[in-house]
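Please look through the sequence and the model below before reading on. The paragraphs after them are meant to be read with both in view.

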Amino acid sequence: MKLTDRCRSGRDLAPALAIACIIATVPLLTGAARGPSLQLFPTTVLEDIKETGQVAEEMESGLQDIIARLDRQQQLHVQSKCEGATDDPGCAQISRQLGTTYMEMLETMSQRLPDMERAVNSTRDSLETRLRAELGLKMTPWTLQETLLGQQPEGSPSVEPKLRGRSGLRLSQRFRQYYQLVAQSGRNTEHSLAVVASDIYLDMEEASVLIAQTREEIGRATLLEELNQSFGVITPEMQAVVDGVKSILFGEAGQVVELAGPPPGSGEVAYQSPLEW
Amino acid sequence: MRKTARSAAAIAALLTALFAASGCATTPASQCELSGTRDLGASIASAKSRLGEGCVAHFDRYMDQLIDVAAGDPTADNKQAFSDFLLWTSDQGLLSRRQAQETWNRYFNIKFVSLRGDYNNCAQTCPVKARVMADMESELADKERGLLQAALDQESYYRADRLLKETELVLEATCRACAAGGR
């Protein structure tokens with residue numbers, strides 16, 4: 001006799017047993033009977049994602065103008081053919097302006113970095129724990145691919161989250177999308193959630209490295225300033241930091257490389273071999 | 001001297017008898033060739049006949065040739081034709097049931113035979129992640145021949161292609177998380 005059938009005759013049972021039946025039946029009715037569900041995004045992780053998005057937004061708004069100015073000055077430096085023209089007073093002025101704007105960017109970042117670092121690391125750590133537990137320790141390679149494939153009916157359109165680094169979105173927008181995707185998702189998109197969780201986690205790792213690099217660069221720049229050395233030109237290291245900030249915060253370096261999409265379903269019932277796993 | 005010659009002849013006779021008993025080893029390669037037909041049914045019949053005559057060692061080559069023949073006349077029914085053929089090899093005891101399953105799933109299933117195991121991913125998959133991914137890439141090439149070229153199942157093939165990419169991303173993250181847990 002099924003549990004639900006037994007509980008249907010609950011009138012004959014003692015009250016305590018009836019309550020136990022109700023408690024046991026609720027997960028069956030809500031769909032938990034379909035198998036163990038992924039616990040990749042508990043409320044704490046969701047809150048971390050939301051907060052990281054807010055902190056990223058504050059950082060973006062603080063840096064947007066400065067980076068735009070830095071871009072304009074760099075363009076002017078190139079257009080004026082200032083490369084190597086150290087004796088030209090006009091070029092020297094542009095170089096000084098570049099150095100000042102670069103310092104301004106680093107200062108703004110150093111003010112915002114502690115909050116950003118805390119939010120990023122917190123999101124990374126909580127996702128790390130969930131990924132390790134849910135996908136690393138609770139799943140075999142086979143159950144992992146079954147989870148990724150999901151239980152989609154034949155011919156139904158698949159949910160395909162964008163893969164990391166290719167969205168071309170600002171960090172804050174990406175987090176808004178992540179949050180909405182995760183917060184609104186149901187049990188049937190678990191396969192996508194595994195991809196999204198991995199995506200966010202790897203993003204956070206990358207952002208964490210960038211923060212460490214930036215802090216290092218701020219320290220180096222401050223030391224140079226203390227030694228009264230002007231930057232002169234944008235060095236490759238400086239350029240790498242600026243590019244990294246633009247890529248992570250504003251998604252400018254990302255190119256949208258779409259995966260091959262499946263053709264429209266034929267609607268025919270697919271052959272199922274007795275050998276199929 | 002005569003005694004030595006008699007011993008050598010006896011050994012030669014014994015060896016000949018042993019080779020004859022082992023079947024496969026005595027079947028010359030030329031006798032294990034499949035018929036040159038481009039019809040899948042006839043090719044499968046030819047393969048069954050050869051396998052029955054002791055050419056089991058040529059099974060992988062037969063499979064390869066049959067997939068080529070199927071690609072020449074691709075249809076969804078080819079999946080079943082291969083399934084029936086592999087079930088036959090299993091029933092005849094030429095392949096184990098597991099080998100037959102692995103072969104069919106390697107060519108015609110979205111899921112990857114290369115990504116299997118009984119232990120958790122942290123312990124089993126992560127230490128050999130690069131090899132697993134290389135094996136999956138190689139299996140995708142077989143799925144291209146089976147699903148896409150022989151069975152015209154584009155939808156399943158593209159899903160397998162995406163599954164490979166998703167697996168790469170998810171394993172990258174999961175294995176980093178596993179490693180971080182061991183710090």
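Predicted model: local features only at pLDDT ≥ 70, side-chain atom pairs only at ≥ 80, totals over all residues.

Residues are numbered from 1 along each chain as its sequence is written, chains are lettered from A and ligands numbered from 1 in the order in which they are written, and side-chain values use heavy atoms, with hydrogens and water left out.

Chain A contains 8 helices and 0 strands, where helices (H or I, at least four residues) and strands (E, at least two) are DSSP runs numbered from the N terminus. Along the sequence, its pattern reads α-α-α-α-α-α-α-α. Of its 277 residues, 40% count as buried; here buried means under 20% relative accessible area, exposed means over 50%, and partly exposed lies in between, with a 1.4 Å probe and protein chains only. Contact means heavy atoms within 4.5 Å, and among the contacts in chain A between residues at least 6 apart in sequence, 83% join residues at least 24 apart.

The size of an interface is often given as the accessible area lost when the parts come together. Between chain B and chain A the buried area is about 4,000 Å², with carbon and sulfur atoms giving 68% of it; this is the accessible area (1.4 Å probe) that two parts lose on being put together, summed over both. The contact takes 47 residues from chain B and 40 residues from chain A. Lys111(B), Arg162(B) and Leu169(B) supply 16% of the area that chain B buries against chain A, more than any other three residues. On the side of chain A, Ser198(A) lies in helix H7 and is buried, with a relative accessible area of 0%. Leaving aside neighbours within four places in sequence, Ser198(A) is in contact with Leu131(A), and also with Leu169(B), Val170(B) and Ala173(B).

A nonpolar core is a set of buried Ala, Val, Leu, Ile, Met, Phe, Trp, Tyr and Cys residues joined through side-chain atoms within 4.5 Å. The largest nonpolar core has 74 residues, of which Phe41(A), Met105(A), Leu135(A) and Ile200(A) touch the most other members. Helices that each supply at least two residues of this core include H4 (89–137) and H7 (190–226) of chain A, together with H7 (129–150) and H8 (154–181) of chain B. Not counting residues up to four places away in sequence, Met105(A) touches Leu63(A), Ile66(A), Ile67(A), Leu70(A), Val241(A), Val242(A) and Val245(A). A second, separate core of 26 residues includes Ile44(B), Ala47(B), Leu51(B) and Phe59(B).

How do the helices around Leu51(B) pack? Leu51(B) lies in helix H2 of chain B and counts as buried, at 2% relative accessibility. Beyond four places in sequence, Leu51(B) touches Val56(B), Phe59(B), Tyr62(B), Phe85(B), Trp88(B), Thr89(B) and Leu94(B). The axes of H2(B) (residues 40–52) and H3(B) (residues 59–72) come within 10 Å and cross at roughly 170°, axes being lines fitted to C-alpha atoms, for helices over the stretch in contact, with angles running from 0 to 180 degrees between N-to-C directions. H2(B) and H3(B) are therefore roughly antiparallel to each other, given that angles under 35 degrees count as roughly parallel, over 145 as roughly antiparallel, 65 to 115 as roughly perpendicular and the rest as oblique. Their contact is made by residues including Leu51(B) of H2(B) and Tyr62(B) of H3(B), and by class it has 9 nonpolar, 1 polar and 1 charged residues. In this classification Ala, Val, Leu, Ile, Met, Phe, Trp, Tyr, Cys and Pro count as nonpolar, Asp, Glu, Lys and Arg as charged, and the others, Gly among them, as polar.

H2(B) also packs with helix H4 (residues 77–91) of chain B, at an angle of about 10° and with the axes 11 Å apart. H2(B) and H4(B) are therefore roughly parallel to each other. Among the residues making this contact are Lys48(B) and Leu51(B) of H2(B) and Phe85(B) and Trp88(B) of H4(B).

Two loop residues remain. Most residues other than glycine have a negative phi, and most peptide bonds are trans. Lys81(A), in the loop between H3 and H4 of chain A, has a positive phi near 55° and is exposed, with a relative accessible area of 69%. Leu152(B), in the loop between H7 and H8 of chain B, likewise has a positive phi near 55° and is exposed, with a relative accessible area of 52%.
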